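Hi,

Here is the structure I promised to pass on. Have a look at it first, and then read my notes below.

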Amino acid sequence: MPLPQFSGERHEGPPSGRRALFPKATDREWNDWTWQLRNAATSLETLLKFSGPISSDEEARLARVIEKFPAIIPPYYLSIINFSNPQDPVRMQAFPSLDEIDYNVYGIPDPLEEEEDMAVAGLIHRYPDRVLMQLTNMCPMNCRHCTRKREWEEGKWSRTDGEIDAMVDYLHRTPQVRDVLISGGDPLILSTPKIEKILAKLRAIRHIEIIRFGTRFPVVLPQRIDDELCAMLKKYRPIWINTHFNHPQEVTPEARAACDRIICSGIPMNNQTVLMRSVNDSTQIIMKLCHELVKIGVRPYYLYQCDMVKGTEHFQTPVWKGLEIIEGLRGHTTGFAVPQFVIDAPGGGGKIPLSPNYLLFAGTNYLTLRNYEGLIFKYETSNNENASGVISFPDSASLVPNQKSGRIARREKRHENHDHFQSQKKGSRQRDLTRPS
Ligand code: SF4
């Protein structure tokens, strides 16, 4: 039985600006994701029509921002912005800001070194048993905090059939890969038949156990999650979908319906949130977001420190802010509603989890532990299993014995340049003191 389409009527969630902003759009158009893409706001003129006038000097500078980092905002996402609030958290993720070129001291275009870990064009093989497949650089929206912002300057592209076959061929030859993540740009921007063709090729590889999609469509353009897409994906399970809600205001009835369609197709959903200054950098906002997510069946998975990407410095928060938020969640709400706080290490080091410290001391026969209320407990152990007060770290070669590779050599070289990196950061931090919080 087909699931109901969005009628434009809302019974909960933030008020929609659809009727005010797009009074002529019919329900048929509004529910058609290709209409939404065709009518996305991209030009300076259109953006100013929504956000209001600015001085001619600011207008000239904003033109420079979108020349470097183009804007794309679909009508649906525009409709959930509160335009009376200049600091609206949804607006800040979508609208270009002068800060993108004004605060631009230490970001780098590709901090995660994805380009250097490409096994073949579009296939990043960084971790032993899993790969990232990048099929396109197109997205339904250009999120201003995007890690792959560098690719916006390249114009729009999708991988050719030949390039996709080369990726598939590499996967056939690489039996240790059991997990393929298809990610952004946003892979669901491709047509459903095209996605199916790729899934069929991947499913023909016996050692590929799971396929994951990274997509922001459920958040920024939930109309894309239609019956045809869900029925197709269902055939290729086990599939997992990771999406990207950053603020409770994004959990609208439309987004909830889209997630419901996915989950009812037997596809579990996780969420990855990026921590951003003035958007969601408080325990209350992240707790509310996590509660809204578990209510719609989406598990809060990661809370990311915002990557050090050129053009996103104004979103950066101190690392301590993320730890403070996790401290405020752990024990204070449902365990699986607490995401893991991670830093994606610059230099291609991968995701590094950070947690508040609950282990205070390791004695010979006991541990000293702290609980979420700050109470201290002695936990006695039955033998001499603890090396008193000492924690040792294995060297990197023993962690990845078969991968003393170019990647590790590159990382080691970066360590030699560590002082230079630190001094860059210090300069930026000093300037931070003059910035509004
Ligand atoms: S949808 Fe994802 S990949 Fe695309 S611009 Fe947004 S954050 Fe970046």
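The mean pLDDT of this predicted chain is 86, and 81% of the residues reach 70 or more (pLDDT is the predictor's confidence in each residue, from 0 to 100). Two stretches need some caution. Over residues 396–404 the pLDDT is below 50, and that stretch has 4 contacts in the model beyond near neighbours in sequence. Residues 418–437 are also below 50, with 6 contacts beyond near neighbours. A contact here means two residues whose C-beta atoms, placed from the backbone, lie within 7 Å. Where pLDDT is low, the predicted coordinates should not be read in detail.

Two bookkeeping points. Residues are numbered from 1 along each chain as its sequence is written. As this is a predicted model, local features need pLDDT of at least 70 and side-chain atom pairs count only at pLDDT 80 or more, while totals for chains, interfaces and linings use all residues.

Now the overall picture. The chain has 18 helices and 13 strands; these are DSSP runs numbered from the N terminus, with helices being H or I of at least four residues and strands being E of at least two. Of the 437 residues, 34% are buried. Buried means 20 or more other C-beta atoms within 10 Å of the residue's own, exposed means 12 or fewer, and partly exposed is in between, with C-beta atoms placed from the backbone. Among contacts between residues at least 6 apart in sequence, 77% join residues at least 24 apart.

On to the sheets. Ten strands, in the order β1-β2-β3-β4-β5-β6-β7-β8-β9-β10, form an open sheet with mixed pairing (two strands pair if DSSP finds at least two bridges between them). Its edges are β1 (118–120) and β10 (350–354), each pairing on one side only. From one strand to the next, the twist averages 30 degrees. Inside this sheet, β7 (269–275) and β8 run parallel and are joined by 7 bridges, with N270 partnered by R299 in β8. Helix α15 packs on the sheet, touching β7, β8, β9 (340–345) and β10, and its direction makes about 150 degrees with that of β8. Axes are lines fitted to C-alpha atoms, for helices over the stretch in contact, and angles run from 0 to 180 degrees between N-to-C directions.

There is also an open sheet of 3 strands, β11-β12-β13, with antiparallel pairing. β11 (359–362) and β13 (376–380) are the edge strands. β11 pairs with β12 (366–370) over 3 bridges, and L359 has L369 in β12 as its bridge partner.

What surrounds the ligand? The shell is C139, M141, N142, C143, C146, R148, G184, G185, D186 and R216, where a residue counts as near if its C-beta atom, placed from the backbone, lies within 6 Å.

Two loop residues are worth a click. M138 sits in the loop between β3 (130–134) and α9 (161–172), and it counts as buried because 20 other C-beta atoms lie within 10 Å. M138 touches K156, S158, G185, D186 and I189, leaving out residues up to four places away in sequence. T312 and H145 are 5.4 Å apart, C-alpha to C-alpha, though 167 residues apart in sequence.

Cheers
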